[in-house]
Amino acid sequence: MKDKEQTEERYRELTKGELQIMNILWEKRHATVNDVREAMPEPRPAYNTVLTFLRILSEKAYVGHEAKGRFYVYHPLVQKGEYTRAFLKEVKERLFDGSAKSLLSFFVAEEN
């Protein structure tokens, strides 16, 4: 059980920028720094900024990479559904006292 708690703990660590990059990697499955940068909306961050984010995601074990010639090709190590489940579980616990019904009611009310 401790391993599962540690795994779920790391899911809370994604920043807005990290999540933006993860969404690109989840969609593309494999990408270079330039591929990720090109998929980002204008104004695009600098190459080094994207590289820094990818290095951080690598350190957090969200992203792996392989050398392909002069470039690294990055790929997600965590699936989107896996991250989403852990994130929503955390939201449910922290904001809705563990009640899935309250969480769902909130989303339904906000949708309207």
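Helices (H or I, at least four residues) and strands (E, at least two) are DSSP runs, numbered from the N terminus. The structure is a predicted model, in which local features need pLDDT of at least 70 and side-chain atom pairs count only at pLDDT 80 or more, while totals for chains, interfaces and linings use all residues. Residues are numbered from 1 along each chain as its sequence is written, and side-chain values use heavy atoms, with hydrogens and water left out.

**Confidence**

- The chain has a mean pLDDT of 90, and 88% of its residues reach 70 or more, where pLDDT is the predictor's confidence in each residue, from 0 to 100.
- Among the elements of the chain, helix α1 (residues 2-11) has the lowest mean pLDDT, 52, whereas α3 has the highest, 98.
- Where pLDDT is low, the predicted coordinates should not be read in detail.

**The hairpin**

- Strand β1 (residues 63-68) pairs with strand β2 (residues 71-76) in the antiparallel sense over six bridges; two strands count as paired if DSSP finds at least two bridges between them.
- Within this pairing, H65 has Y74 in β2 as its bridge partner.
- Two residues stand between the strands of this hairpin, and G69 takes a positive phi there, near 65°.
- H75 belongs to strand β2 and counts as buried at 18% relative accessibility, given that buried means under 20% relative accessible area, exposed over 50% and partly exposed in between (1.4 Å probe, protein chains only).
- Leaving aside neighbours within four places in sequence, H75 is in contact with R29, H30, Y62, V63, G64, H65 and E66, contact meaning heavy atoms within 4.5 Å.

**The nonpolar core**

- A nonpolar core is a set of buried Ala, Val, Leu, Ile, Met, Phe, Trp, Tyr and Cys residues joined through side-chain atoms within 4.5 Å.
- The largest such core has 19 residues, and those with the most contacts inside it are I21, L25, V36, L54, Y62 and V63.
- Helices α2, α3 and α4 each supply at least two residues of this core, and its largest share, five residues, comes from α2.
- V63, again leaving aside neighbours within four places in sequence, is in contact with M22, L25, L54, L57, S58, Y74, H75 and L77.

**Helix α5**

- α5 has 16 residues and reaches 22 Å from its first C-alpha to its last, close to the 22 Å expected at 1.5 Å a residue; the expected span is 1.5 Å times one less than the number of residues in the helix.
- Y83, A86, V91 and K92 are buried in this helix.
- E90 and R94 both lie in α5, four residues apart, about one turn of the helix, and their side chains meet in a salt bridge (3.5 Å, N to O).
- R94 is exposed, with a relative accessible area of 59%.

- A cis peptide bond joins E42 and P43, with omega about -5°, and P43 is placed in the loop between α3 (33-39) and α4 (47-59).

**Salt bridges**

- A search of the whole structure finds six salt bridges, each defined as a side-chain nitrogen of Lys or Arg within 4 Å of a carboxyl oxygen of Asp or Glu.
- One of them joins the side chains of R44 and E42 (2.5 Å, N to O); R44 is partly exposed, with a relative accessible area of 27%, whereas E42 is exposed at 58%.
- Another joins the side chains of R37 and E38 (3.8 Å, N to O); R37 is partly exposed at 23% relative accessible area, and E38 is partly exposed at 48%.
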